[in-house]
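Please look over the model shown here.

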Amino acid sequence: FPILRWYLFKSGLLTSTGCDHGAFVRTSASTGQPDLQIRFIAAKPLGADGMTTYTQFRNSKAPEDGYTFQLIAVRPKSRGEIRINSSNTHVKPSIDMGYLNNSADVRTLTEGVKLARQLGKNVGWEEYLGEEVYPGIDVQSDAEIHEYAKNTVHSANAGVGTCRMGTGNDAVVTPSLEVIGVKNVRVGDSSVICTIPGGQTATPTVMIAERCAAFVRSMKNKIPTAFHVEKKKITSSSSSKKATAAAGTA
């Protein structure tokens with residue numbers, strides 16, 4: 001009874017977030033800092049996109065044993081775009097995530113798949129080694145791994161930059177998080193981040209929200225901000241971490 005064990009003794013499976021082990025790695029695409037994050041998940045993947053396992057697990061009555069290395073390009077160079085189509089707020093914007101439109105991100109994930117396979121074949125894993133589920137033993141060349149990544153990549157839940165903070169023409173909000181050209185509106189979430197962090201975005205987002213709350217509380221003593229905008233653009237670039245699941249074994 002995992003729930004009872006956690007409730008009474010604060011021990012057992014429920015003390016884990018499910019992906020609390022991993023590594024940050026520099027690949028050949030790195031310009032200095034780690035560009036690849038590896039998340040170890042003690043579960044056999046139910047899908048190749050890295051997220052299906054979480055959404056479909058509740059429907060699986062008898063999950064099979066296995067494990068997953070989830071691979072994330074934490075410093076992506078690819079950029080997407082959100083474009084406003086109308087002044088009517090009921091008209092949805094156009095969203096282009098721009099996944100893998102920079103070859104450096106492709107190299108990061110390709111090397112990640114190869115590294116995950118090496119880790120899975122490590123002597124220490126012999127007891128747990130089984131058949132590779134994703135990408136599968138038939139996917140070997142760089143071109144094949146690229147195709148696999150292209151078809152399974154997702155955001156890793158870490159999109160930023162659609163309302164980037166700054167002082168230039170591409171800024172949407174000021175350094176005090178005020179929306180340029182709109183009175184009494186601030187943005188206090190990850191969309192104001194200019195450059196995506198190399199780790200998870202949750203903690204920086206909490207910090208931004210705290211700072212935004214401080215700005216609102218101190219409106220009577222407003223902090224002066226110097227900025228100048230030539231013109232207001234309606235297009236904003238965004239970036240998000242790219243993730244793909246690899247080397248899941250049974």
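The text below goes from the whole chain to single residues.

**Basis**

This is a predicted model, in which local features need pLDDT of at least 70 and side-chain atom pairs count only at pLDDT 80 or more, while totals for chains, interfaces and linings use all residues. Residues are numbered from 1 along each chain as its sequence is written, and side-chain values use heavy atoms, with hydrogens and water left out.

**Overall fold**

The protein has 5 helices and 9 strands. Helices (H or I, at least four residues) and strands (E, at least two) are DSSP runs, numbered from the N terminus. Along the sequence, the pattern reads α-β-β-α-β-β-β-α-β-α-β-α-β-β.

Of the 250 residues in the protein, 36% are buried. Buried means under 20% relative accessible area, exposed over 50%, and partly exposed in between (1.4 Å probe, protein chains only). The accessible surface is about 15,100 Å². Carbon and sulfur atoms hold 56% of that surface. Such areas come from the Shrake-Rupley method with a 1.4 Å probe; for residues, only the protein chains shown count as cover.

Contact means heavy atoms within 4.5 Å. Take the contacts between residues at least 6 apart in sequence: 67% of them join residues at least 24 apart.

**The largest pocket**

What volume does the largest pocket have? The value is about 950 Å³. A pocket is an open set of points on a 1 Å grid over the protein atoms alone, where a 1.4 Å probe fits, with protein on both sides within 12 Å along at least five of seven lines; lining residues have an atom within 4 Å of a point. Grid points are joined across faces, edges and corners, and the volume is the space filled by probe spheres set on the points.

The lining of the largest pocket counts 29 residues. L13, I41, A42, A43 and F57 lie nearest the pocket centre. Strand 2 (36–41) and helix 2 (52–56) each supply at least two lining residues. By class, the lining has 18 nonpolar, 7 polar and 4 charged residues. Here Ala, Val, Leu, Ile, Met, Phe, Trp, Tyr, Cys and Pro count as nonpolar, Asp, Glu, Lys and Arg as charged, and the others, Gly among them, as polar.

**Two helices**

K10 follows helix 1 and has a positive phi, near 55 degrees.

Helix 4 (residues 142–152) holds the buried residues I145, Y148, A149 and T152. These four cover an arc of only 100 degrees around the axis, which puts them on the same side of helix 4. The arc is that of the directions from the helix axis to the C-beta atoms. In general, an α-helix has 3.6 residues a turn, so residues three or four places apart point the same way. A143 and N151, on the other side of helix 4, are exposed.

**Backbone details**

L100 has a positive phi of about 60 degrees although it is not a glycine. L100 sits in the loop between strand 5 (94–96) and helix 3 (103–120). Its relative accessibility is 12%, so L100 counts as buried.

L177 also is not a glycine, and its phi is positive, about 70 degrees. L177 belongs to the loop between strand 7 (159–160) and helix 5 (202–217). L177 is buried, with a relative accessible area of 4%.

A cis peptide bond links Y134 to P135, with omega about -5 degrees. P135 is placed in the loop between strand 6 (132–134) and helix 4.

**Pairs apart in sequence**

| Pair | Apart in sequence | Apart in space |
|---|---|---|
| M51 and H154 | 103 residues | 8.2 Å |
| V113 and Q140 | 27 residues | 9.7 Å |
| C19 and A42 | 23 residues | 7.6 Å |

M51 lies in the loop between strand 2 and helix 2. M51 is partly exposed, at 24% relative accessible area. Neighbours within four places in sequence aside, M51 is in contact with H154 and N157.

V113 is part of helix 3. V113 is buried, with a relative accessible area of 1%.

C19 is in the loop between helix 1 and strand 1 (21–25). C19 is partly exposed, at 27% relative accessible area. Not counting residues up to four places away in sequence, C19 touches R39, F40, I41 and Y54.
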